[in-house]
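Welcome, and take a moment to turn the model around before reading on. We will walk through it together, one region at a time.

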Amino acid sequence: MTSLLQRTVLFADLRGSTGLFETLGNAEAASVVTQSVDLMAQIVAACGGVVVKTLGDGLMAVFEHRQGGIDAADEMHESLDRIVADTPRGGSRRPTLKLPALKLQVAMAHGEVVELNGDCFGDAVNVAARLLDRAGDKETLATEQVLEGLEAEHRGRFRSLSKLQLRGRQEPVQVYRLEARRFGETVATLFEGSAPAREPDGLRLAWREVNRVFAGTDLPAVLGRSPQATYCIDDTRVSRSHARVEWHGGTFQVSDLSYNGTFVRFAGRDDVVALRRGSCTLHGSGVICLGAAPTDATAPTVHFEILSFQDTVPRSGH
């Protein structure tokens, strides 16, 4: 029987399982992944949702109420580290292993879905699935329709990432990121009375003749090959929307959105931070390479510099 329903569609995907199989072997790694997906399914049910299907390292679920999907995303992120930390490492004679971190990406869309033989179809399903490809590690992305009707305190946790072009859609989609439930107020209390660190004022990005300075209010900015990207980099190794730079928690951060990876090397350092759907806080100066590592002399390389405008203002009497 076919039913037309208004639902919030949630896709969740675990990344990093390949490293588990390399470290633990097939049996134990499969156990960790299975436990993780089972836990996610339990969370969906506890938050009033229904698991439509599991997808290897993840699942698809639908919720009658938007808040149920948001609560489920929160619980999934907060529970994942615990299940990995509590996983047995084999026999007592086996040395303790440092497990590669499993990272969770979640995407949500709301709209009309067609329910048929236990499966769900429709535009909201397609948008949520495509949006999952754009989510970074430990990140929940949602369309504008998910925010509609939420109480102010819950809407306030979403931050606009502007409009993103999703594969298979002609029109860009307005996307928001759900900020994690954190202990920010508690941390501020613990350090009350200490001098606050001065926040940076701007970020300079330079690639070839393109030299631009972004303030926090100018962000987020998408670096990519698409002419619609905020910072267009014309190179075949660069994805249409390759990386996102944003102002978050008083810092500038870069997140990889690509298939070829984003690489960061800070000035004065030889080591390279390889981002594959991950994020990195920028400090000082250095380079961001898109699609190839800095060791490749031909890599599309964006030079970055964190700016503090106060340092450039002349002081009276000097």
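Predicted model: local features only at pLDDT ≥ 70, side-chain atom pairs only at ≥ 80, totals over all residues.

The protein has 318 residues, of which 46% count as buried. Its secondary structure comes to seven helices and 19 strands. Among the contacts in the protein with a separation of 6 or more, 58% are between residues 24 or more positions apart.

In soluble globular proteins, nonpolar side chains tend to be buried together. Here, the largest nonpolar core has 31 residues, and Leu10, Ala12, Leu59, Met76, Leu104 and Phe158 are those with the most contacts inside it. Several elements give two or more residues to this core, including strand 1 (2-15), helix 1 (17-24), helix 3 (66-85), strand 4 (103-116) and strand 8 (173-178). Helix 2 gives the most to this core, with seven residues. Setting aside its neighbours within four places in sequence, Ala12 is in contact with Met40, Gly58, Leu59, Met76, Leu104, Gln105 and Val106. Another core lies apart from this one; it has 25 residues, among them Ile233, Val245, Phe252 and Cys280.

Now look at Leu20, whose place is in helix 1. Is Leu20 buried or exposed? With a relative accessible area of 0%, Leu20 counts as buried, because the cut-off for that word is under 20%. Leu20 and Val33 are 13 residues apart in sequence, and their C-alpha atoms are 8.8 Å apart in space.

Which residues line the largest cavity? They are Ser36, Leu39, Met40, Ile43, Met76, Ser79, Leu80 and Leu104. Helix 2 and helix 3 each supply at least two residues of this lining, and helix 2 gives the most, with four residues. By type, the lining of the largest cavity divides into six nonpolar residues, two polar and no charged.

The lining of the second largest pocket divides into eight nonpolar, nine polar and seven charged residues.

Strand 8 pairs with strand 6 (residues 139-143) in the antiparallel sense over three bridges. Leu141 has Arg177 of strand 8 as its bridge partner.

Elsewhere, five strands form an open sheet in the order 12-11-13-14-17, with mixed pairing. Strand 12 (231-232) and strand 17 (279-282) stand at the edges with a single partner strand each, so one side of each has no neighbour in the sheet. Strand 14 (residues 251-256) runs antiparallel to strand 17, and four bridges join them. Within this pair, Val254 stands opposite Cys280 of strand 17. Cys280 also belongs to the core of 25 residues.

The walk ends with some backbone details. Most residues other than glycine have a negative phi, and most peptide bonds are trans. Against that background, a cis peptide bond joins Leu219 and Pro220, with omega about 15°. Pro220 sits in the loop between strand 10 (210-214) and strand 11 (221-224). Asn117 has a positive phi, near 50°, and is found in the loop between strand 4 and strand 5 (119-121). Arg208 also has a positive phi, near 50°, and is found in the loop between strand 9 (202-207) and strand 10. Asn117 counts as exposed at 69% relative accessibility, and Arg208 counts as exposed at 65%.

Notes:
Residues numbered from 1 in each chain as written. Heavy atoms only, no water. Core = buried A, V, L, I, M, F, W, Y, C linked by side-chain atoms within 4.5 Å. Buried < 20%, exposed > 50% of the residue type's maximum accessible area, 1.4 Å probe, protein only. Contact = heavy atoms within 4.5 Å. Nonpolar A, V, L, I, M, F, W, Y, C, P; charged D, E, K, R; others polar. Pairing = 2+ DSSP bridges. 1 Å grid on protein atoms, 1.4 Å probe; cavity = no way out; pocket = protein on both sides within 12 Å on 5 of 7 lines; lining within 4 Å.
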